[in-house]
Amino acid sequence: MKVIIFVVIFATFTALSADLQCEHGTPDIPKDWVDMVTPCVSKMRAQIQTELKASIQYLAMGAHFSKDTINRPGFAKLFFQAASEERQHALKLIAYLLMRGELTSNVSKLIKTTIIPPVVSWTSGVDALKDALRLEATVTKNIRDVIKKCEDPEDPKANGYNDYHLVDYLTGEFLEEQYKGQRDLAGKISNLEKMMKDHKALGEFMFDKKLLEEL
Ligand code: FE
């Protein structure tokens, strides 16, 4: 008798749990609107990594200038802000891929866990600013590479497709910000070098104070 009751309870529970499961399966959405091509999507995924790497590098810079032995709060603020901006760029690219229906399957390729800042120490503020400008120049080149790939209908895997919208977005928004940012860093390097030529370490100290006021 006990066995029969157990079997009935077990069967009822199994039937109920089948009804209550939260898995809805993959929705059947037509794919016609998902029109990005593989070479372009691959470049976009790589660019997300580039932005995240830049963010981590700027985090390292901010931390370096925050150390009690360095203590340059203006430089630290500048680089921590730059880290947030780079992270924001990565988010914008992810949002773009989502808008175009390109991230519905696997997001694990988007963010690698092995991003380590290549440089963790700088001899001076001007040294770090020059490193930042070189970093931005590399990022700019990478964005241009994404644009080139996404507007290349001759690529064998592009099926004659030119991604006008993405190219316009990257050119108008991302490159614009890159060029302005590069000019800003170049101006800062110019000012700091002049101040240090006349005032040595005091020049960097004064520049740091000015950065803190402006940011
Ligand atoms: Fe960026």
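Colleague: Donors are N, O and S atoms within 2.8 Å of the metal (3.2 Å for Na, K and Ca), and water is not among the atoms, so sites may look incomplete. Which protein donors does the iron ion have?

Modeller: Glu-51 (OE), Glu-86 (OE) and His-89 (ND1), lying 2.1 to 2.2 Å from the iron ion. This is a predicted model, where local features need pLDDT of at least 70, side-chain atom pairs need 80 or more, and totals for chains, interfaces and linings use all residues. Residues are numbered from 1 along each chain as its sequence is written, and side-chain values use heavy atoms, without hydrogens or water.

Colleague: How are the donor residues spaced in sequence?

Modeller: The pattern is E-x34-E-x2-H. Glu-51 sits in helix H2 (residues 38–66) and His-89 in helix H3 (residues 73–99), so this pair, 38 residues apart, links distant parts of the chain. Helices are DSSP runs (H or I, at least four residues), numbered from the N terminus.

Colleague: Are Glu-51 and His-89 buried or exposed?

Modeller: Glu-51 is at 0% relative accessibility, so it counts as buried (under 20%; exposed is over 50%; 1.4 Å probe, protein chains only). His-89 is buried too, at 6%.

Colleague: New topic: which residues lie nearest the centre of the largest pocket?

Modeller: Ala-82, Glu-85, Glu-136, Gly-181 and Asp-184, out of 16 lining residues. A pocket is an open set of points on a 1 Å grid where a 1.4 Å probe fits, with protein on both sides within 12 Å along at least five of seven lines; lining residues have an atom within 4 Å of a point.

Colleague: And which helices supply the lining?

Modeller: H3, H4 (125–150) and H5 (164–199) each supply at least two residues. H3 gives the largest share, seven residues.
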